Amino acid sequence: MASVTLYGYHYSVYLRIVRMALVEKGVSWTHVEIDPFAETIPPDYLALHPFGRVPTLKHGNFVLYETTAIARYVDEVFAGKPLQPADVRARARMSQIIAIADSYGYWPMVRQVFSQRIFNAALGRTPDETVIADGLAASGKVLAALEPLAEGERFLIGSALSLADLHLGAMVAYFAAAPEGDAALANFPRLRAWWGVMKDRRSMTETNPGLPRA
């Protein structure tokens with residue numbers, strides 16, 4: 001079996017999504033730390049990812065970047081329970097939820113609410129309350145849009161875990177770490193029940209990046 005190397009920033013939501021997929025599929029990998037916020041990105045990494053973002057997966061000689069592409073590749077190339085529904089409509093719903101999380105959820109939930117209230121506080125920085133308030137307002141709209149889509153018995157789509165659960169789960173883990181985020185989530189019973197299942201899943205707990213120290 002070709003070796004798997006995963007390049008990414010320890011605290012990145014998108015790195016965590018791929019790590020969760022690898023855990024779910026029972027795949028071992030080697031981690032290479034890349035800070036996309038650094039002033040200088042290593043040239044050897046830019047040779048793999050010309051935009052300098054994270055994560056990037058290297059499987060043998062095959063190199064792939066962009067989280068959704070990596071997660072789907074991991075699901076399809078490795079053995080284990082499938083992480084994508086066989087039904088075409090369920091698979092389309094999975095893609096829709098992932099797109100909503102990426103396009104509308106990541107910035108307010110992670111970069112505005114979590115980063116200001118939790119991450120910056122861990123670094124000894126004063127949270128920007130205006131940014132947090134804006135993030136909460138935008139996050140409410142995202143959660144309201146996702147609530148009717150969460151039709152599964154335990155997971156977002158049906159009774160089986162999918163990539164949508166991993167993608168949204170990594171973002172909600174950060175969002176719910178902030179008291180305001182956790183309170184906002186409580187207003188959406190389907191999502192709250194789903195999060196009650198997801199937060200204790202092994203792939204979630206084993207990939208918890210923790211917080212930096214000031």
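This is a predicted model: local features need pLDDT of at least 70, side-chain atom pairs count only at pLDDT 80 or more; totals for chains, interfaces and linings use all residues.
**Helix α4.** Select residues 88-122, which form helix α4. A straight helix of 35 residues would span 51 Å at 1.5 Å a residue, but the end C-alpha atoms of α4 span only 43 Å. Go to Ser115, where α4 bends by about 65 degrees. Then look at both ends. At the start of α4, show the side chain of Asp87: one of its oxygens comes to within 3.1 Å of the backbone nitrogen of Arg89. Just after α4, pick Gly124, whose phi is positive, at about 80 degrees.

**Helices α6 and α8.** Next, select residues 163-175 (α6) and residues 189-198 (α8). Their axes come within 11 Å and cross at roughly 95 degrees, which makes α6 roughly perpendicular to α8. To see the contact, show Asp165, Leu166, Leu168, Gly169, Val172 and Ala173 on α6, together with Leu191, Trp194, Trp195 and Met198 on α8. By class, the residues of this contact are 8 nonpolar, 1 polar and 1 charged.

**Two loops.** Move to the loop between α2 (43-46) and β3 (56-59), where Pro55 lies. The peptide bond joining Val54 and Pro55 is cis, with omega at about 5 degrees. Finish in the loop between β4 (62-65) and α3 (67-77), at Glu66. Glu66 is not a glycine, yet its phi is positive, at about 90 degrees. For context, most residues other than glycine have a negative phi, and most peptide bonds are trans.

Terms used:
Residues are numbered from 1 along each chain as its sequence is written. Side-chain values use heavy atoms; hydrogens and water are left out. Helices (H or I, at least four residues) and strands (E, at least two) are DSSP runs, numbered from the N terminus. The expected span of a helix is 1.5 Å times one less than its number of residues. The bend at a residue is the angle between axes fitted to the seven residues ending there and the seven starting there. A polar contact is a pair of N or O atoms within 3.5 Å; within protein, one must be able to donate a hydrogen and the other to accept it, and residues adjacent in sequence count only if both atoms are side-chain atoms. Axes are lines fitted to C-alpha atoms, for helices over the stretch in contact, and angles run from 0 to 180 degrees between N-to-C directions. Angles under 35 degrees count as roughly parallel, over 145 as roughly antiparallel, 65 to 115 as roughly perpendicular and the rest as oblique. Contact means heavy atoms within 4.5 Å. Ala, Val, Leu, Ile, Met, Phe, Trp, Tyr, Cys and Pro count as nonpolar, Asp, Glu, Lys and Arg as charged, and the others, Gly among them, as polar.
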